[in-house]
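Hi everyone, thanks for coming. Let me put today's protein on the screen, and then I'll walk you through how its parts meet.

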Amino acid sequence: WRQKQLEYSWLRSLMGRYQDFWSVTQEALAYTLNTLGREPDAAFLAEMAEAYNRLRPYPDAAQCLKDLAPLRLAILSNGAPGMLQRLVANAGLDELFDKVISVDAKR
């Protein structure tokens with residue numbers, strides 16, 4: 001899933017056919033399920049894709065970020081803004097960052 005997600009993102013970028021990272025994530029999941037012989041219905045796809053918003057950080061991530069406390073911290077990502085907000089909040093890291101910046105607006 002992750003490999004196809006990155007491939008889709010890179011290829012679309014090279015072709016100048018922008019699509020937000022959340023859409024790419026869902027398409028990569030559908031592809032992966034199809035290769036495993038599973039016909040993904042919309043509800044199953046949504047449930048599996050939503051799991052991506054609940055990824056857990058490495059165990060030492062929060063403490064490492066806290067140790068950087070005097071510095072202003074930001075995330076710069078190719079993730080869609082809504083996707084990033086959910087992911088950071090679900091990981092319990094939202095209070096540790098001053099900014100979460102998505103390249104989505106610039107495509």
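Okay, so the protein splits into domain 1 (1-53) and domain 2 (59-106), with bounds that come from an automatic or database domain assignment. Quick housekeeping: this is a predicted model, where local features need pLDDT of at least 70, side-chain atom pairs count only at pLDDT 80 or more, and totals for chains, interfaces and linings use all residues. Residues are numbered from 1 along each chain as its sequence is written, and side-chain values use heavy atoms, with hydrogens and water left out.

Where do the domains meet? Their C-alpha centres are 22 Å apart. Nine residues of domain 1 are in contact with eight of domain 2, contact being heavy atoms within 4.5 Å. Together the two domains bury about 740 Å², and 53% of that is on carbon and sulfur atoms. Buried area here is the accessible area (1.4 Å probe) that two parts lose on being put together, summed over both. On the domain 1 side, Tyr18, Phe21 and Asn53 supply 63% of the area buried against domain 2, more than any other three residues.

Now for the rings. There's one aromatic pair in the structure, and the rule for Phe, Tyr and Trp (its six-membered ring) is centres within 6.5 Å, with planes under 30 degrees apart called stacked, over 60 edge-to-face and the rest tilted. Tyrosine 8 and tyrosine 31 have ring centres 6.4 Å apart and planes at 70°, so they're edge-to-face. That's what I've got, thanks!
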